[in-house]
Amino acid sequence: MALPARVEVLPQRLLAYRMAEISHTQRVSTLGAEAVAAAEHLDAALCVWNGDDGPAIRSAAAASGARYLTIAR
């Protein structure tokens, strides 16, 4: 299965240092830090399912300046 051209998968080596910085200053999981770092790197919105929305990921996104959108099913 091929991904659409507009979908980009970022290598961890591009995100790892920023993820560590985010994890050091924000109380987010590794996955949360990766999502915020990827949104920053791509200058894209961080889209979160409303069931996973929470203050920690919101705070990390706000601190990084990433746009934050919740999505309902």
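Colleague: What span does helix 1 reach from its first C-alpha to its last, and what is expected at 1.5 Å a residue?

Modeller: Helix 1 covers residues 12-25, a run of 14 residues. At 1.5 Å a residue, 20 Å is expected. The span in the predicted model is close to that, at 19 Å.

Colleague: On which residue is the kink in helix 1 centred?

Modeller: Helix 1 contains a kink of about 30°.

Colleague: Which residues of helix 1 are buried, and against which helices do they pack?

Modeller: An α-helix has 3.6 residues a turn, so residues three or four places apart point the same way. In helix 1, the buried residues are Leu 15, Met 19 and Ile 22. The buried residues of helix 1 pack against helix 2 (30-42) and helix 3 (55-64).

Colleague: At what angle do helix 1 and helix 2 pack, and what is the handedness of the crossing?

Modeller: The axes of helix 1 and helix 2 are 8 Å apart. The packing angle of the two helices is about 115°. The crossing of helix 1 past helix 2 is right-handed.

Colleague: Which residues of helix 2 meet helix 1, and how many residues of each class does the contact have?

Modeller: From helix 1, the contact draws on Gln 12, Leu 14, Leu 15, Arg 18, Met 19, Ile 22 and Ser 23. From helix 2 come Thr 30, Ala 33, Glu 34, Val 36, Ala 37, Ala 38, Glu 40 and His 41. By class, the contact of helix 1 with helix 2 has eight nonpolar, four polar and three charged residues.

Colleague: Which residues of helix 2 are buried, and against which elements do they pack?

Modeller: Helix 2 has 13 residues and reaches 18 Å, close to the 18 Å expected at 1.5 Å a residue. Gly 32, Ala 33, Val 36, Ala 37, Ala 38 and Ala 39 are its buried residues. The elements against which the buried residues of helix 2 pack are helix 1, strand 1 and helix 3.

Colleague: Why does Glu 34 count as partly exposed, and with which residues is Glu 34 in contact?

Modeller: Glu 34 is found in helix 2. Glu 34 counts as partly exposed because its relative accessibility is 25%, which falls between the limits of 20% and 50%. Leaving aside neighbours within four places in sequence, the contacts of Glu 34 are Gln 12, Leu 15 and Met 19.

Colleague: Is Ala 38 buried or exposed, and with which residues is Ala 38 in contact?

Modeller: Ala 38 is found in helix 2. Ala 38 is buried because its relative accessible area is 17%, under the limit of 20%. Its contacts, leaving aside neighbours within four places in sequence, are Leu 10 and Leu 15.

Colleague: Where does Asp 43 lie, and what is its relative accessible area?

Modeller: Asp 43 follows helix 2 and lies in the loop between helix 2 and strand 1 (46-49). Its phi is near 50°, a positive value in a residue other than glycine. Exposed means over 50%, and Asp 43 is therefore exposed, with a relative accessible area of 67%.

Colleague: With which residues is Ile 57 in contact, and what separation lies between the C-alpha atoms of Ile 57 and Ser 29?

Modeller: Ile 57, in helix 3, is buried because its relative accessible area is 13%. Leaving aside neighbours within four places in sequence, Ile 57 is in contact with Val 28, Gly 32, Val 36, Leu 46, Asp 52 and Tyr 68. Ile 57 and Ser 29 are 28 residues apart along the chain, and the separation of their C-alpha atoms is 8.7 Å.

Terms used: Residues are numbered from 1 along each chain as its sequence is written. This is a predicted model: local features need pLDDT of at least 70, side-chain atom pairs count only at pLDDT 80 or more; totals for chains, interfaces and linings use all residues. Side-chain values use heavy atoms; hydrogens and water are left out. Helices (H or I, at least four residues) and strands (E, at least two) are DSSP runs, numbered from the N terminus. The expected span of a helix is 1.5 Å times one less than its number of residues. The bend at a residue is the angle between axes fitted to the seven residues ending there and the seven starting there. Buried means under 20% relative accessible area, exposed over 50%, partly exposed in between (1.4 Å probe, protein chains only). Contact means heavy atoms within 4.5 Å. Axes are lines fitted to C-alpha atoms, for helices over the stretch in contact, and angles run from 0 to 180 degrees between N-to-C directions. A crossing is left-handed if the near helix is turned anticlockwise from the far one by less than a right angle, and right-handed if clockwise. Ala, Val, Leu, Ile, Met, Phe, Trp, Tyr, Cys and Pro count as nonpolar, Asp, Glu, Lys and Arg as charged, and the others, Gly among them, as polar.
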